[in-house]
Amino acid sequence: MSTAAEKAMAAGVNVDLVMLDGFVQPAILVDKLKTVKYVPIREDDILLCTYPKSGTHWTWEILNMIVAGKAEYAKHWQNSAWLEYRTEEELAELASPRILHTHLRPSQLPDAVWDKRCKVVYVRRNAKDCLVSSYNQLSQQVWKDNPFGKRSYTGTWDDFIDLYLDGSFPGGSYFEHTVEWNNISKAHKDFEICRLQYEDLKKDCVQEIRRMADYLGRRLPDQTYQAISDACSFKNLKHANEKIKDQTYHFNWQDGSSGYFRKGITGDWKNWFTVAQSERFDKVYEERLKETFPY
Ligand code: A3P
C-alpha cells in the first residue's frame, strides 16, 4: 500500500516527500526536523509562526520595522531567518534580537522557545485563501535544486484540494497546524502569544501593528505605526522585495516573478472553488476544527 507521501507525488507534487512521525514532509527537511528541537535559542528571539501563505513575509517585515523602531526594510528576504531551512551557523550569525520565522507546529519547535519564554507571534489566515495561494505558488514555482527540475505541482486544481484536505502536500496539514496553535495554552500554561489574523491586518494594519508592538514591549509613536503600515502595503513591500532587497535568499517562480507577492487580497477563494468543492472543504473543516468555516 502506498503512503500519503507517495500518493501526493503520484498526484503531481514534484517535491520529494517522505513520511516522518506520521506526517508528510519534504525529504529535504528530514534531517533538520530531527535536530531542530535542539537549535540554540536566545532569550530575546522573536518567533513568527505561520501556516504557509498566511502573510509571513508581510508580518516578518513589520516585526523587523517595529524592532528597528523605524519604517526601514530589512536587508534580506525573510528566508534568511527561516528556522527550519537555515543551518545552525547561518542562524547564529543573525544579530539579536532575531526574528525567526517558521511553519512548524508548536510541538516541533525547540523546547527552549518555551523554556526561555520567547516572544511568539502567530498569524492565521482564511484556510481557503491559504489553499489558493499555495496552489498558485506550487504550480508556478521551480525551487532551486529541485531534483525533478520542474514546477512543484503539476496536478489538477481538484486533486490539490484533496491533497490539502489530507495534509499530504509539502506544506503539511492546515488542520494539524491550526489545532495545535489553538491549543497552545493547554500545552504551555500561562504562555502568552500574540495572535493575529491576516484578514484583520488587511482591515486595520496600524491597529494590528500597535498590538504587536505592545506585545513586544516596544511601543512607538503613532506616526511610526502609520509609516510601517505604508511601507508594508502590498504594493510597497512587493517592490521592496523584488527591487530593493538583497536577493540571496529569494526563490524565483517559473515566470521569474517573486510570486510570494501575488494578489494580497482577502476572499480570492471565491474565484476558484466551485460550490461542490467549497462544500467538500467545509465538511472537513468542520470535522477537524470543530468550527464552521467563517468566511
Ligand atoms: P496571495 O497568494 O493570496 O496573494 P506568505 O508570506 O506566508 O508566503 O504569504 C503569501 C501571501 O501573502 C500571498 O497571498 C501574498 O500575496 C500575501 N502578501 C504578501 N505581502 C502582503 C502584504 N503586504 N499585504 C497583503 N498581503 C500580502
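A polar contact is a pair of N or O atoms within 3.5 Å. The model examined here is predicted. In this model, a backbone N or O atom of glycine 55 lies 3.1 Å from an oxygen atom of the ligand. This pair is a polar contact, because 3.5 Å is the cut-off.

Two further pairs were found at the ligand. Threonine 56 takes part through its side chain, where an N or O atom is 2.5 Å from an oxygen atom of the ligand. Phenylalanine 234 takes part through its backbone, with a polar atom 3.4 Å from a nitrogen atom of the ligand. Taken alone, the ligand exposes 560 Å². The protein buries 98% of that area.

Helix packing was described for one pair. Two packed helices are described by the angle between their axes and the distance between the axes. Here the pair is α11 (residues 205-216) and α12 (residues 222-231). Their axes come within 9 Å. They cross at roughly 115 degrees. The crossing of α11 past α12 is right-handed. On the α11 side, the contact is made by Cys205, Val206, Ile209, Arg210, Ala213 and Asp214. These meet Asp222, Tyr225, Gln226, Ile228 and Ser229 of α12. The residues of this contact divide into six nonpolar, two polar and three charged.

Two details of the backbone were also noted, each in a loop. Serine 96 and proline 97 are joined by a cis peptide bond. Its omega is about -5 degrees. Proline 97 is found in the loop between helix α4 (88-93) and strand β4 (99-102). The other detail concerns aspartate 21. Aspartate 21 has a positive phi of about 50 degrees, although it is not a glycine. Its place is in the loop between strands β1 (17-20) and β2 (23-26).

Note on methods: Residues are numbered from 1 along each chain as its sequence is written. This is a predicted model: local features need pLDDT of at least 70, side-chain atom pairs count only at pLDDT 80 or more; totals for chains, interfaces and linings use all residues. Side-chain values use heavy atoms; hydrogens and water are left out. Axes are lines fitted to C-alpha atoms, for helices over the stretch in contact, and angles run from 0 to 180 degrees between N-to-C directions. Helices (H or I, at least four residues) and strands (E, at least two) are DSSP runs, numbered from the N terminus. A crossing is left-handed if the near helix is turned anticlockwise from the far one by less than a right angle, and right-handed if clockwise. Contact means heavy atoms within 4.5 Å. Ala, Val, Leu, Ile, Met, Phe, Trp, Tyr, Cys and Pro count as nonpolar, Asp, Glu, Lys and Arg as charged, and the others, Gly among them, as polar. A polar contact is a pair of N or O atoms within 3.5 Å; within protein, one must be able to donate a hydrogen and the other to accept it, and residues adjacent in sequence count only if both atoms are side-chain atoms. Accessible areas come from the Shrake-Rupley method with a 1.4 Å probe; for residues, only the protein chains shown count as cover.
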